[in-house]
Amino acid sequence: MVKGVSMYFHSYCAAIQGIDAHIISVEVDVCDGLPMFSLVGLLSSETREAKDRVRISVRNSGYRIPTKHITVNLSPADIRKEGTAFDFAIAVALLAAFGRIPQECLENAMFIGELSLNGEIKRVNGVLPMVYAAKKNRMKYCFVARENVAEAAMVEGIKVKGVKNLKEVVEYFTLDRKIATTTVTAFAEQIEERMEDFSEVSGQEMVKRALEIGVCGMHNVLMVGPPGAGKTMLAKRIPSIMPELTFEESLEISKIYSISGLLDENYAYIKKRPFRSPHHSVTPTSLIGGGYHVKPGEVCLADGGVLFLDELPEFSSNTIDMLRQPLEEHKVVISRMQGSYTFPAKFMLVAAMNPCKCGFYPDRNRCRCSERQVRGYLNKISRPLLDRIDLSVEAMEVTYKDLIQKGKAESSCEIRKRIKKARKIQEERYYQEEVRYNGQLSAKQVEKYCVLGKQEQKMMEQIFETMELSARGYHKILKVARTIADLEGSERILDVHLSEAVCYRGFDKKYWGD
């Protein structure tokens, strides 16, 4: 029991903002006076309810809370605290205040978890960025629910301990009860999962080439063609030609999935590049992110991987136009009264669509759409969005000859080898820049890294005037040409590279005109 006029104790937790976490100090002041338990510090409603959960949980764990004036402050007060992850830290600070846990045991430790009324520690979302914040602040220990321990242990350099209930924690600090430290080495032991292979796709060599270029430089790709041409089939095989995730990429993507509640003890971290394919009925909030409790959307969940939008014109025009900023800035910024949230969105957009409602335009033998209907269907895709597409390619109908050809198509493994080699060139070129791939270059960086010779400059001038390109369209051609040159192992962008890049850029004129 606390004696005297006033006593101060504290523990540590963390609050999520975007995909990062900030250390929160849980300060407890206990003094004589009117019995009261107040919780302050810019709290959401579910965080404010922690005082009831904590009080009952501590009591049901066998520890009595004396009738004192108790004030708990979650500091700093200018960071909004949302969720139930603070319960555990509040409880251990209270137990320290009433002499159940020595205060010095809490100095270098973080406590993350929700409390049930019987004293058990329950899993919460966002543990990975919280533990990473603890490591950056040089803490030695992190106590989490057992269901979160595999996820938390992905962060090296901090001792992670999974606990079942409050009593177990108290006995660990006072009776030297053993709690195992969990370590995870699974990232280095990834099991190669069989993925759908490009060798299974007959024909469509031009589309495969466009997708290879797109993956190599992280360029956005639009496929247009009739039903059954294999657009969706090709898109689903894109992850099979993407290089493996680095540890840094896996950590960033896993943070996003952690705060979204998509990680659990059986799926503790992201092992392969994401492939997200939302239905065309998706809402703007689900696609971009936001909501009352701000969460990342599909564009953020596709970070480092592919966002595939099938039947692109069927999406709401307002929804797909919201992609314009993430495609340009490679991040999503959501502003609320309580603060601004930033989520990474470095994804490769792959979209597929039919050329008209029935799908057979311009084949007038089968297409029954009027010119007005075709134009209305195509115009659902705005010009500003089309301008952000790097490669447009036509998926032709597969012929009987394509289906019965004896020679097996090139495998994903062979394509991936070329892509990895070209990406290595990009990594070495941009090692001092914030970008990693050609598709992410800014206008200023294009001028620096996509230099043309005199012959290529003259050719590019003719292309610019003939195609009536915008500045963005001009830069897109240069970035794609730079990627094609990297695939060929060429230090310079040659006219042959520009010619191929223009073919992918000029394709949309066939359907959308001037």
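**View 1. Met110 and its bridge partner in strand 8.** In this predicted model, Met110 is paired with Cys142 of strand 8 through a bridge. Strand 5 and strand 8 (residues 141-145) run parallel and are joined by three bridges.

**View 2. Ile90, Phe111 and Ile112 in the largest nonpolar core.** This core has 72 residues, and these three touch the most other members. Helix 3 (residues 87-97) gives the most to the core, contributing ten residues. Leaving aside residues up to four places away in sequence, Ile90 touches Ser11, Val26, Leu39, Ala50, Val54, Val72 and Leu74. In soluble globular proteins, nonpolar side chains tend to be buried together.

View 3. A separate core comprises 51 residues. Among them are Ala210, Met242, Val306 and Ile463.

**View 4. Helix 7 and the residue that follows it.** Helix 7 covers residues 205-217, and its end C-alpha atoms are 19 Å apart. This agrees with expectation, because 13 residues at 1.5 Å a residue should span 18 Å. The helix is mostly covered, with ten of its 13 residues buried. The buried residues are Val207, Lys208, Ala210, Leu211, Glu212, Ile213, Gly214, Val215, Cys216 and Gly217. One of these, Ala210, also belongs to the second core of 51 residues. After helix 7 comes Met218, which has a positive phi near 55°.

**View 5. The whole protein chain, for orientation.** The secondary structure of the chain comes to 22 helices and 19 strands. Along the principal axes, the C-alpha atoms fill a box of roughly 90 × 45 × 45 Å. Of the 514 residues in the chain, 54% are buried. The chain exposes about 23,600 Å², of which carbon and sulfur atoms supply 50%. Among contacts with a separation of 6 or more, 73% are between residues 24 or more positions apart.

Methods
Residues numbered from 1 in each chain as written. Predicted model: local features only at pLDDT ≥ 70, side-chain atom pairs only at ≥ 80, totals over all residues. Heavy atoms only, no water. Pairing = 2+ DSSP bridges. Helix = DSSP H or I, 4+ residues; strand = E, 2+ residues; numbered from the N terminus. Core = buried A, V, L, I, M, F, W, Y, C linked by side-chain atoms within 4.5 Å. Buried < 20%, exposed > 50% of the residue type's maximum accessible area, 1.4 Å probe, protein only. Contact = heavy atoms within 4.5 Å. Areas by Shrake-Rupley, 256 points an atom, 1.4 Å probe, with all protein chains shown as cover. Expected span 1.5 Å × (residues − 1).
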